[in-house]
Number of protein chains: 2
Amino acid sequence: MSFKYLTNIDLDTAREDYLAVLIEKGLVSGKETIAVTEAAGRVTKEAVYAKICAPHYNASAMDGIAVSARDTFGASETTPILLEPGQYKYIDTGDPLPEEFDAVVMIEDVISTEDYETKELETEEHITGGYITEKQAMDDRLAHDKPVKSATIKLYDSAAPWQHIRQIGEDICAGEMLLPSFSKVTPAAMGAMIASGVTELTVIKRPVVGFIPTGDEIIPPTANPKEGEILEFNSVIYTAMLKEWGAEAIKFPIVKDDAKLIKAAVETALSECDIVLIGAGSSAGREDYTASVISQVGTILYHGIAIKPGKPAILGYYDKNTTREKNNNSKEQNKDTHRSVVPLIGVPGYPVSGIIVLEQLLRPMLDYLCGANNQPYTYVEATLSKSVASTLKYREFVRVRLGYVKDKLIAAPLGRGSGVVTSFMRADGILEIPQEAEGYESGKKVNIRLMRNKEELHQSIVVIGSHDPLIDELSDLLRIKHGNISLGSAHVGSMSGILAVKKGEAHLAGTHLLDEETGEYNSSFIRRMIPDGGVKLIKCVKRKQGLMLPKGNPKGIKNIADLVKDGIRYVNRQKGSGTRILIDYLCKKDNIDTSNIYGYDREEFTHTSVAALIAAGSADVGLGIYSAAKIYDLEFIHICDEDYDFLIPDHAWEMPVVQELLALLESADFAKRLDALGGYILNDPGLLRVPCAPD
Amino acid sequence: MSFKYLTNIDLDTAREDYLAVLIEKGLVSGKETIAVTEAAGRVTKEAVYAKICAPHYNASAMDGIAVSARDTFGASETTPILLEPGQYKYIDTGDPLPEEFDAVVMIEDVISTEDYETKELETEEHITGGYITEKQAMDDRLAHDKPVKSATIKLYDSAAPWQHIRQIGEDICAGEMLLPSFSKVTPAAMGAMIASGVTELTVIKRPVVGFIPTGDEIIPPTANPKEGEILEFNSVIYTAMLKEWGAEAIKFPIVKDDAKLIKAAVETALSECDIVLIGAGSSAGREDYTASVISQVGTILYHGIAIKPGKPAILGYYDKNTTREKNNNSKEQNKDTHRSVVPLIGVPGYPVSGIIVLEQLLRPMLDYLCGANNQPYTYVEATLSKSVASTLKYREFVRVRLGYVKDKLIAAPLGRGSGVVTSFMRADGILEIPQEAEGYESGKKVNIRLMRNKEELHQSIVVIGSHDPLIDELSDLLRIKHGNISLGSAHVGSMSGILAVKKGEAHLAGTHLLDEETGEYNSSFIRRMIPDGGVKLIKCVKRKQGLMLPKGNPKGIKNIADLVKDGIRYVNRQKGSGTRILIDYLCKKDNIDTSNIYGYDREEFTHTSVAALIAAGSADVGLGIYSAAKIYDLEFIHICDEDYDFLIPDHAWEMPVVQELLALLESADFAKRLDALGGYILNDPGLLRVPCAPD
């Protein structure tokens with residue numbers, strides 16, 4: 001509610017200005033010296049130079065004899081040369097080359113002029129399990145046996161100077177620069193450092209980012225919150241994001257809505273952190289608290305960014321030099337010398353807003369501080385499956401699901417509420433709608449920032465249509481059987497599912513549409529809606545539909561006619577869903593005027609959300625499937641059994657991933673899952689329902 | 001040397017067979033239950049279901065009043081309705097909706113019919129630092145002040161049922177599947193789990209991979225190894241790689257070359273690990289030890305893979321079921337039930353071989369065990385800058401540097417020795433040459449597997465030519481000033497550098513070529529070698545060339561003529577380098593027959609490697625620059641000052657990154673670095689050397 005007084009600064013301007021001001025005020029990364037063995041993935045703050053050469057001595061690269069190349073000159077098959085004791089020395093791989101020699105001859109090429117005096121082989125080493133062959137035994141002899149007495153040896157080939165020797169500095173020379181500043185330390189670089197005598201190095205200190213959650217109503221995570229208690233999960237999300245981005249994260253305790261307490265918490269955080277985030281909570285006036293506290297301990301640069309979600313973000317900073325006087329009574333803050341300025345960011349309370357604010361405003365700052373540690377984003381072009389409206393006031397960030405349908409990448413926008421954290425969990429990408437656009441039309445080609453590997457999208461089955469928990473179970477079974485296949489489902493109802501298939505936006509739609517006139521399920525709708533065919537209707541299950549009621553049926557509801565009774569609060573499904581069509585039909589059949597049913601316009605998108613509202617006492621009755629009622633332990637008045645089928649376009653039918661899914665329908669695992677869900681009868685799963693094709 | 005008895009199985013066959021056999025023997029990942037807060041980046045082993053709804057109660061989404069929507073019916077601007085105490089209740093964002101109400105009206109739309117009784121504002125909260133405006137004070141009043149007495153209120157608009165309410169299950173319904181099996185846990189998923197009452201989940205246990213380094217001569221990392229001691233750094237590399245790939249790594253102590261000891265170490269590792277790697281060391285016969293031990297405790301599937309580097313790898317396994325009898329005397333191994341089979345891999349001792357073996361054979365196994373946790377590789381097309389030979393016997397993995405020159409991505413092969421760990425450190429990508437190819441010609445378009453972000457390659461300056469440590473210092477200064485620019489340099493000598501520029505394969509070449517006839521540096525060569533022009537020769541420094549000698553000059557060398565003396569061991573630079581041309585010229589001038597100089601054909605590629613050999617006593621004298629002598633604290637007999645210039649093609653001259661580099665030449669920082677290196681005089685750095693262009 002206080003948003004209307006905020007500035008509405010353009011995101012790019014805010015981001016650039018903010019970073020520029022912070023840098024001008026002295027924002028720099030800290031440094032620390034750590035062991036090479038602990039340095040994986042860190043970024044050098046200073047160049048690293050080799051301390052010793054690698055190899056650090058001239059080492060034999062073979063088992064053989066060290067010789068002076070000059071002594072072997074002229075040797076050939078026909079004119080072998082002889083080397084007397086003293087002119088050569090036996091040497092193993094890795095042994096130092098004696099100073100008087102400058103070449104190594106492989107043991108295979110050394111012909112002794114005396115008999116071998118074979119050392120006793122230690123028998124235990126040669127218990128072979130049948131593995132050691134005669135040839136290997138020969139190898140062993142070569143490796144273990146050497147003439148025990150000095151002897152004259154014969155060579156049939158001359159040696160080139162420095163052959164079979166790993167010379168000093170062959171790989172690395174002492175004093176050579178191994179890594180310049182701001183280099184990411186790879187495993188191979190760690191090896192090179194150790195090899196050249198470097199045991200520690202100076203790296204960029206991971207920026208320490210503190211998050212202070214605030215709010216009277218928020219509590220630490222628990223499985224049993226009371227009404228009015230909100231679980232504090234933003235810190236879990238942000239902490240994980242910060243670590244991914246190379247920062248160290250500190251989660252401070254929850255602070256109540258009290259300016260004095262928040263100020264104290266910020267001051268504590270300032271003494272420990274390089275960057276401080278204040279979680280604003282969702283209460284009205286809260287942003288004003290945060291803003292007021294930031295302006296007390298430091299300076300606010302921007303309050304209000306032209307982005308949605310995320311608009312009430314606050315960008316401020318604590319400046320050690322200029323704010324010292326302001327805080328002359330407070331304890332000496334931020335003793336770390338590199339912390340002359342500490343960014344103070346007010347993060348909106350809703351998680352989706354917070355995620356966008358951190359991504360857009362904090363990540364670039366961390367990239368700067370960490371020396372470009374983060375992967376740049378990757379983008380793909382996709383076709384929007386439905387129109388997305390947007391205002392000219394904000395740049396919008398819309399979460400989308402992605403899937404290749406008919407070789408076209410389809411982007412389906414997900415829920416846009418800023419409280420809907422699952423939209424981020426289920427998203428495959430982010431669509432940015434610029435401030436100057438009033439949204440995008442369905443069918444438009446848009447650029448999507450990817451949140452997963454592009455390769456995975458090709459293994460994704462797009463399911464749009466009627467909701468049933470069995471789809472999630474299929475998704476799980478698919479992943480158990482074929483780890484790389486994923487299934488993304490949108491619950492939009494049977495009608496919209498059929499339309500999505502028609503428009504080439506889905507591989508599969510769950511559907512259960514009753515034809516009032518014929519009593520037939522699905523086929524007649526599909527004949528009517530997709531007259532040109534090109535689709536297959538596949539049988540899946542029969543499932544029980546009925547009235548879901550609180551345990552014990554306290555209001556004594558017996559049938560559809562009872563829904564109009566006084567004090568009965570109904571909860572409905574959205575228009576176009578098979579269940580809505582069913583209740584409309586049932587009411588019509590019984591001559592019930594649905595405008596007399598209280599709550600008939602209260603619409604939910606899934607069976608489970610209807611059941612959840614009834615279970616919580618927020619509604620008294622709703623129509624839904626047995627398996628949803630079972631989850632919430634509700635009473636269930638059985639009304640009818642209906643056919644829940646899968647509609648599959650021909651182009652998807654041929655896809656191996658879709659065939660994998662269909663194969664699962666007949667599996668024992670699927671039958672077991674249905675049994676656990678309850679209320680289903682397998683109905684020739686996977687078989688073509690006839691008639692369905694036109695004519 | 002024992003390689004000749006190994007099999008030479010195709011890599012793909014080996015990898016597929018090996019994994020298939022292991023899976024058939026029961027290779028599966030373990031599982032463990034962990035707290036959601038610790039689950040970032042882990043992979044679910046079982047589906048996760050919501051325990052409670054989110055929100056778990058009907059919560060107000062605004063500050064305002066809760067009402068019954070029916071009571072507001074018909075309200076409008078002209079016909080406001082009045083609500084009496086009891087018909088509404090003040091409510092804050094996040095507060096539970098009282099059961100008797102079904103809508104929320106925003107506080108801004110609530111008109112009280114009585115005066116506000118303003119609460120005293122706590123002044124301390126409102127010390128504003130000039131920030132709180134009048135409007136915000138109004139906001140605060142709205143947030144803090146409520147009519148303290150019950151009062152009749154007025155509404156000018158009707159409320160829709162369920163408006164401004166976050167209903168139970170709006171985001172997540174209890175019982176809903178949040179994540180199917182084998183899903184990577186993202187930060188948002190962690191938030192969704194916490195929000196829906198899930199505090200722990202079952203994830204795939206990170207596979208525990210043990211590495212046993214073996215070898216008589218290897219010692220743990222130290223800054224001061226003795227001659228004959230090899231620093232054990234493979235475990236540091238492998239451990240870091242394994243962790244990157246999602247495994248847990250255990251580094252076991254170094255084991256001496258002794259079959260009994262190695263067998264004991266393997267048995268210990270088997271009891272703690274899911275996968276055991278045995279570092280084979282580089283001594284001859286070592287692979288036979290490892291093979292013999294593996295065949296004693298388990299089974300060998302393949303010994304010898306048709307890859308280079310990496311050919312002597314051993315793929316084996318310990319099978320709990322079939323190998324029990326074999327080991328009936330040994331302690332009960334591998335009690336973890338999921339470890340019915342433990343892969344045993346013999347990893348070649350050279351680090352480059354080991355890295356390839358782990359990448360090609362272990363990573364796919366970890367992907368399988370971790371549920372496709374790893375990013376797939378990405379590839380780019382590049383043009384090979386020089387021919388690479390390969391045998392029909394092996395598939396070769398060649399490390400390359402990459403850079404965009406004239407919009408063409410150029411791949412320059414790096415050192416191919418398997419001991420050269422820096423080749424992996426400096427590589428931008430890997431070129432695979434299939435077994436059936438005898439190598440690739442220079443100029444061929446090849447597919448390169450990327451080891452860094454593609455975006456970074458556009459910010460990379462390709463420097464090919466004469467070696468000077470000042471190039472590394474420039475590289476460091478560049479990164480300090482512009483974190484994202486990198487500089488990749490290849491030390492191939494002045495001549496090859498000029499050719500690289502001519503062929504469009506480099507942005508810059510360091511060069512110092514003396515024209516014997518004119519005494520002029522560089523320009524005459526460039527006029528001759530690049531007669532068509534299109535290049536600029538930029539002045540950089542004058543540097544001191546001279547004879548480098550051990551401290552105290554024990555052999556009393558005074559000048560070039562002394563090089564032919566008996567007992568003097570010279571070390572030279574490669575043909576085509578400016579320093580080689582200089583020594584050839586100096587000898588010719590003094591009528592010295594270079595075939596009388598011992599070691600004249602011992603060629604090194606950098607000044608520092610020449611200096612390193614002299615410092616180590618492996619040679620007595622070499623020609624090189626003062627700064628290299630200074631690093632090793634050598635004596636230096638000054639011979640001449642030479643012009644070290646930069647040759648830059650016109651297309652590179654226009655690149656901002658190249659201009660950034662040239663700007664650095666005039667910087668105080670660069671002057672300071674040169675001063676520290678020693679032996680340089682800045683020579684109008686950055687100025688065009690004239691004449692250089694033809695005609």
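A crossing of two helices is left-handed if the near helix is turned anticlockwise from the far one by less than a right angle, and right-handed if clockwise. I noted this before looking at a helix pair in this predicted model.

Ground rules. Residues are numbered from 1 along each chain as its sequence is written, and chains are lettered from A in the order in which they are written. In this predicted model local features need pLDDT of at least 70, side-chain atom pairs count only at pLDDT 80 or more, totals for chains, interfaces and linings use all residues, and side-chain values use heavy atoms, without hydrogens or water.

Confidence. I looked up pLDDT, the predictor's confidence in each residue, from 0 to 100. Chain A averages 88, and 89% of its residues score at least 70. The model has ipTM 0.89 and pTM 0.88. Residues 115-138 of chain A stay under 50. Where pLDDT is low, the predicted coordinates should not be read in detail.

Helix pair. I took helices as DSSP runs (H or I, at least four residues), numbered from the N terminus. In chain A, α11 (residues 469-481) and α19 (residues 668-677) pack at about 145°, axes 10 Å apart; axes are lines fitted to C-alpha atoms over the stretch in contact, and angles run from 0 to 180 degrees between N-to-C directions. The crossing of α11(A) and α19(A) is right-handed.

B:Cys53 is in no disulfide either, with the sulfur of B:Cys173 5.0 Å away.

Technical notes:
A disulfide is a pair of cysteine sulfur atoms within 2.5 Å. Contact means heavy atoms within 4.5 Å. Helices (H or I, at least four residues) and strands (E, at least two) are DSSP runs, numbered from the N terminus.
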